[in-house]
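Here is a brief report on selected contacts in one protein model. Please keep the structure open while reading.

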Amino acid sequence: MSESLRQIRLFVAAYEEGSFTAAAHRENATQSGVSQHIHKLEARFGAGLFSRDTGAIHPTPAGDLYYRYCIEILRVHEASRNEMKRFGSGLSGEIVVGLMPTMTRSVLGPALATFVGENPNAQVRIVEGFSALLTERVRAGEYAFAIVPAFQGAPGLNTKLFHSTPEVLVSRRTSRRAHMTPIRLKDVGPLNLLLPSPPNTRRRTLDTYLASNGVRVRQVLEIDSMFGALDLIANSDWVSIFPGIMMASDIDRDLFTINVIVEPQLILDLVLIEPMRQPMGPLAETFLKLLEDETARISARLATIPATVPAGARAIGQMRAESRTDRAIREGSSWARPDRGRPLKPSVASGALRQTKTATEAPA
């Protein structure tokens, strides 16, 4: 017959106190009850657990071994109790949430860790995908909500602004640009620029901005893989434009140079979409609040960057651009016109860029 936890505690108390009387006092028992329990254990094992001297008890080798096992049993039992107490609090249920890489790369981790810690009975599944796919799933009621780039809206959806984040130019850390300073794109071209493919919601906005602000682009590579794009940027002269909050975790790292785009500033609006026919439940509301709080926290650092380029920095940028032009002419660069001595300014809108498409599937 197995010993109960109560009996194990009595033995451990006797072992640690070195006295049946002290053990009884500690465990709110009687001295005779503790003594009888020890005798029963010794009879069951066929080995003495204590040697008795006048007024004191001392563990035998068998008692030492049994004590170690008893301690492990009590530790496991207490650990299980503590874990089970966690399940007595927080929310329960299951939700599916759709997020774009802008959210999953920097915002999701801390928010999800907090949510799981506070709600151990709840299950949340995150689906990362293109905005079109996420919108379709939300309309079908399969997702509690999704966060996507702003769009014109669609029937069956409740849509509201979630957050506005500045777009940033991302280049490798060894570029000559000053990390975390505002930048005017027309001062730094011509660019080898990575862009999402046309089905991506952000592509039209980026094309319009580049064409209407005189941004010089040497070559465009279409790539819909966030990780692929970042890896290429870190190891080459290719650059790209990403939402600021997506790059927040890289501000203090040495892999990328991040510059907020200004004059004019390029802003990405993110919207929250949810099914119109079903209200958001407590579980989804709690998780959404954590996403909002984490987004606000990591955006605070980007908000401290000035929205204009200092006059001196602008002049330096122009001189660097002219220097690159002169060097290209001397070296016979393909993007300069020898007859006029000025770089070509191909327009994204006119389709004059030489484009290479990369058929990698990843969310936008």
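## Contacts of a loop proline

Setting aside neighbours within four places in sequence, Pro-306 is in contact with Pro-182 and Val-262. The model is predicted. Pro-306 sits in the loop between helix H10 (282–303) and helix H11 (311–331). Pro-306 has a relative accessible area of 47%. That value lies between the 20% and 50% cut-offs, so Pro-306 counts as partly exposed.

## Aromatic pairs

The structure holds eight aromatic pairs. One of them joins Phe-45 and Tyr-66. Their ring centres are 5.0 Å apart, and the planes make 65 degrees. An angle over 60 degrees counts as edge-to-face, and this pair is edge-to-face. Phe-45 belongs to helix H3 (residues 31–45) and Tyr-66 to helix H4 (residues 61–86), so the pair ties together parts that are 21 residues apart in sequence.

The relative accessibility of each partner is listed here.

| Residue | Relative accessible area | Class |
|---|---|---|
| Phe-45 | 37% | partly exposed |
| Tyr-66 | 13% | buried |

Tyr-66 is buried because its 13% falls under the 20% cut-off. Phe-45, at 37%, is partly exposed. Both rings belong to a cluster. Ring pairs link Phe-11, Tyr-15, Phe-20, Phe-45, Phe-50, Tyr-66 and Tyr-67 into that cluster.

## Packing of H1 and H3

How do helix H1 (residues 5–17) and H3 pack, and at what angle? The angle is about 100 degrees, with the axes 10 Å apart. Angles of 65 to 115 degrees count as roughly perpendicular, so H1 and H3 are roughly perpendicular to each other. On the H1 side, Gln-7, Ile-8, Leu-10, Phe-11 and Ala-14 take part. They meet Val-34, His-37, Ile-38 and Leu-41 in H3. The residues of this contact divide into seven nonpolar, two polar and no charged.

## Strand pairing

Strand S3 (residues 92–99) pairs with two strands, S4 and S5. Strand S4 (residues 121–128) runs parallel to S3, and eight bridges join them. Within this pairing, Val-96 has Arg-125 in S4 as its bridge partner. Strand S5 (residues 145–149) also pairs with S3 in the parallel sense, over three bridges. Here Val-97 stands opposite Phe-145 in S5.

Definitions and conventions
Residues numbered from 1 in each chain as written. Predicted model: local features only at pLDDT ≥ 70, side-chain atom pairs only at ≥ 80, totals over all residues. Heavy atoms only, no water. Phe/Tyr/Trp six-rings, centres within 6.5 Å; stacked < 30°, edge-to-face > 60°. Helix = DSSP H or I, 4+ residues; strand = E, 2+ residues; numbered from the N terminus. Buried < 20%, exposed > 50% of the residue type's maximum accessible area, 1.4 Å probe, protein only. Pairing = 2+ DSSP bridges. Contact = heavy atoms within 4.5 Å. Axes fitted to C-alpha atoms, helices over the stretch in contact; angles between N-to-C directions. Parallel < 35°, antiparallel > 145°, perpendicular 65-115°, else oblique. Nonpolar A, V, L, I, M, F, W, Y, C, P; charged D, E, K, R; others polar.
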